[in-house]
Amino acid sequence: MEQGHHGGMSEESHEDRPTDGAAVQMDAISAALLRARALVLHDIVACRADVPGIVDVLDAAVHEREWWVRKWPEGAQYLAGQVAQDVQDHLVDTEGRWPACPLHAEEALQLEPPMDADPRWICGLGCGEIAALGKLPPQPPVPTN
Ligand SMILES: [Zn+2]
């Protein structure tokens, strides 16, 4: 009845793995995708833009970027900014401006630099830098008229 814990074929986790670049890269990319999603989701929620369907838009953007980053792993550092801009592009067609400037509700913030590992939300109407991506402060509810 007693089985040695040495048995073998079913247990692969302790196998000596060769330095497999592909596997390491895969993990890093998955982590980068998750991080990008979390940062963008934070800013969506901060702006109260978490309308029905927004998570689908975000997930679709993350999914779309997956092939992009797997082709170009160096781009992983830019992933969050790219996903944010994808969501932004999509929302312009549907929900409107996101994220809105805290002072200029009609002005959407822009990510600067657009291709950067640590882009900032900038207001083009003079407020300058509002926050880093993923760090937007929660905005008060917009009074509806
Ligand atoms: Zn502004």
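Q: Which residue does Arg120 stand opposite in S3?
A: Arg120 stands opposite Ala132 in strand S3. Please note that this is a predicted model.

Q: In what sense do S2 and S3 pair, and over how many bridges?
A: Strands S2 and S3 pair in the antiparallel sense, and the pairing runs over 4 bridges.

Q: How many residues lie between the strands in that hairpin of S2 and S3?
A: The hairpin has 4 residues between the strands. In this hairpin, Gly126 takes a positive phi near 110 degrees.

Q: What holds paired strands together in general?
A: Strands of a sheet pair through backbone hydrogen bonds, either parallel or antiparallel.

Q: What is the strand order of the sheet here?
A: The order is S1-S2-S3, in an open sheet of 3 strands with antiparallel pairing. The edge strands are S1 (110–112) and S3 (128–132), each of which pairs on one side only. On average, neighbouring strands of this sheet are turned by 40 degrees against each other, direction ignored.

Q: Changing topic: where is the cis peptide bond that involves Pro113?
A: That cis peptide bond joins Glu112 and Pro113, with omega about -15 degrees. Pro113 lies in the loop between S1 and S2.

Q: And which residue does a cis peptide bond join to Pro99?
A: Trp98 is joined to Pro99 by a cis peptide bond, and omega is about -10 degrees there. Pro99 belongs to the loop between helix H3 (79–93) and S1.

Q: Now to Ser30: in which helix is it found?
A: Ser30 is found in helix H1.

Q: Why is Ser30 classed as partly exposed?
A: Ser30 is partly exposed because 13 other C-beta atoms lie within 10 Å. A residue counts as exposed at 12 or fewer and as buried at 20 or more.

Q: How far apart are Ser30 and Val69?
A: In sequence, Ser30 and Val69 are 39 residues apart; in space, they are 9.8 Å apart, C-alpha to C-alpha.

Q: What does the chain average?
A: The chain averages a pLDDT of 85, and 79% of the residues score at least 70. Where pLDDT is low, the predicted coordinates should not be read in detail.

Technical notes
Residues are numbered from 1 along each chain as its sequence is written. This is a predicted model: local features need pLDDT of at least 70, side-chain atom pairs count only at pLDDT 80 or more; totals for chains, interfaces and linings use all residues. pLDDT is the predictor's confidence in each residue, from 0 to 100. Two strands pair if DSSP finds at least two bridges between them. Helices (H or I, at least four residues) and strands (E, at least two) are DSSP runs, numbered from the N terminus. Axes are lines fitted to C-alpha atoms, for helices over the stretch in contact, and angles run from 0 to 180 degrees between N-to-C directions.
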